[in-house]
Amino acid sequence: MKYYRLNDTFICFIGLRTMEVPEVSGFISRIQRLSLPEVRVQMINARAAYGPSHLLGIMQITLECQKRGLTLSLKPEMDLLLRLSFTNQIASALSCTGLKTFHPAIIILFSTDKEKLACVRKRIVKTLPHVDHKVLAPCNESKDHIFQLLRTSKNIGIPRGDDSFFTQYLIERSALVIK
């Protein structure tokens, strides 16, 4: 399991092959109970993310906005979800990038305390049967889903096969979301 660091914040991602739960809200509550107060948790539909670089880029924007008091919501984890969705409407963000039953998911954990982050990650991984970090990799399904979120065609001038260019485009697009 890889840990990333952005300034004084540590981040890790847990990929889930499928969310085999009858109700998403029960799953969210279960994961939140496994966390600690110092560790922030956000759970998303894996198709809303185009790889770890995409998530880290948006996370960097969220953390910088938090430092400056400019987040889209009171909680940085919700700011992250809103930016991933390219919207400032929570209901729309939950609909577009929120968890879906029987779909791949990503659990995003972040904290300034790496030991507590590692503890929470270990608790969560221990209780989940379908951990699969392959869902974190950029894929065409994610790209298609993101183009739907953007309400645009795939032919917007992004060079084919240039994942870093596409990722940077998504990060910059997320930075443009305002209250």
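Which residues form one aromatic cluster? Tyr50, Phe147 and Phe166 do. The model here is a predicted one, so local features need pLDDT of at least 70 and side-chain atom pairs count only at pLDDT 80 or more, while totals for chains, interfaces and linings use all residues. Residues are numbered from 1 along each chain as its sequence is written, and side-chain values use heavy atoms, with hydrogens and water left out.

On confidence, pLDDT is the predictor's own score for each residue, from 0 to 100. The protein chain averages 92, and 95% of the residues score at least 70. Confidence is highest in strand β1 (residues 4–6), at 98, and lowest in α6, at a mean of 90. Helices (H or I, at least four residues) and strands (E, at least two) are DSSP runs, numbered from the N terminus.

Back to the rings. The structure holds 3 aromatic pairs; rings of Phe, Tyr and Trp (its six-membered ring) pair if their centres lie within 6.5 Å, and planes under 30 degrees apart count as stacked, over 60 as edge-to-face and the rest as tilted. Tyr4 and Phe13 make a tilted pair, 5.4 Å centre to centre with 45° between the planes. Both Tyr4 and Phe13 are buried, where buried means under 20% relative accessible area, exposed over 50% and partly exposed in between (1.4 Å probe, protein chains only). Phe147 and Phe166 also pair up: their ring centres are 5.4 Å apart and their planes sit at 35°, so this pair is tilted. It links distant parts of the chain, with Phe147 in helix α6 and Phe166 in helix α7, 19 residues apart. Phe147 is buried at 6% relative accessible area, and Phe166 is buried at 0%.

Helix α3 (residues 76–85) is mostly covered, with 10 of its 10 residues buried. Its cover includes β3 (40–45), α2 (52–68), α4 (90–97), β4 (105–111), α6 (140–150) and α7 (163–175). Just after α3, Phe86 takes a positive phi of about 60°.

Thr18 sits in the loop between β2 (9–16) and α1 (24–34). Thr18 counts as buried, at 15% relative accessibility. Leaving aside residues up to four places away in sequence, Thr18 touches Phe102, His103, Pro104 and His130, a contact being heavy atoms within 4.5 Å.
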